[in-house]
Amino acid sequence: MSWSLLRDVLSGVNKYSTALGRIWLTVMFIFRVLIYVVAAERVWNDEQNEFTCNSKQPGCENVCFDHFFPVSQARLWALQLIMVSTPSLLVVMHVAYRENREKKYHKKLYVDKGNIDGGLWWTYVFSLLFKSGVEVGFLIMFNWIYEGFSLPHIVKCEVKPCPNVVDCFIGRPTEKTIFLYFMAISSGLCIVLNICELSYLLTKRCELFWAKRYGQQGQRFNQVNVKSDLLRRKSELKDLKALKNGSLTSSTNFHTM
């Protein structure tokens with residue numbers, strides 16, 4: 001399987017990610033995709049050939065392997081990596097949509113096309129929620145299908161056409177167990193990073209909301225103060241005029257007397 005397309009997608013979204021998002025991309029590419037391509041894929045390459053049973057009954061070995069491994073762990077792991085990386089493509093597509101809008105209207109519509117605000121903020125948040133949900137879902141799926149992340153050395157099989165309870169042996173169970181635990185730990189780390197990034201975005205959003213709200217209230221308060229000052233000054237000017245008029249009238253009456 002070629003992972004060049006996935007690498008290009010991850011590299012493209014790196015320009016539009018937050019600092020925590022770049023850390024997630026590093027963990028995703030180095031500790032998950034690269035480990036899978038370089039090592040894990042080879043470990044599971046001949047998993048069916050290395051699965052042997054102490055029975056020569058035709059079909060028994062194949063049926064037992066299908067019973068204990070209904071889906072290849074390596075292929076399920078690869079599917080997880082693809083599905084987790086796909087939402088990042090939505091962010092790149094949204095930025096491309098912004099670029100096309102500016103070309104269409106021949107004017108600058110955004111301060112920064114890659115700035116996480118407006119509709120792009122919602123796309124980014126959706127991608128984080130989707131990635132976290134996929135990670136959790138696949139961890140539950142792995143635990144449910146294979147009853148944990150540890151592979152035993154011997155499994156007991158009594159599925160037809162096996163004549164009786166047959167002992168079957170998994171190839172390199174310890175090595176596969178180590179890789180499965182590494183996969184689970186790296187997946188958990190990615191979930192934590194996604195939650196931290198989501199919390200960061202929500203915190204920033206709330207700060208902007210309250211800043212705008214209190215800023216508007218402050219502007220209204222200042223406008224009210226300015227109006228009250230103008231009214232007060234007008235009333236003072238009226239009082240001064242009335243006082244002057246009163247003093248002139250009183251002096252005229254005095255001279256008349």
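Over residues 77-97 the chain is 100% helix and 0% strand, with the end C-alpha atoms 32 Å apart; helices here are DSSP runs of H or I with at least four residues, strands are runs of E with at least two, and both are numbered from the N terminus. The model is a predicted one, so to speak of local features takes a pLDDT of at least 70, side-chain atom pairs count only at pLDDT 80 or more, and totals for chains, interfaces and linings use all residues. Residues are numbered from 1 along each chain as its sequence is written, and side-chain values use heavy atoms, with hydrogens and water left out.

Residues 118-146 come out as 97% helix and 0% strand, and their end C-alpha atoms lie 43 Å apart.

Just after α4 sits histidine 106, with a positive phi of about 55°.

Serine 186 belongs to helix α6, residues 173-256. Serine 186 counts as buried because its relative accessibility is 6% (buried is under 20%, exposed over 50%, partly exposed in between, with a 1.4 Å probe and protein chains only). Neighbours within four places in sequence aside, serine 186 is in contact with Phe31 and Arg32, contact being heavy atoms within 4.5 Å. Valine 27 is 159 residues away from serine 186 along the chain, yet their C-alpha atoms are separated by 7.6 Å.
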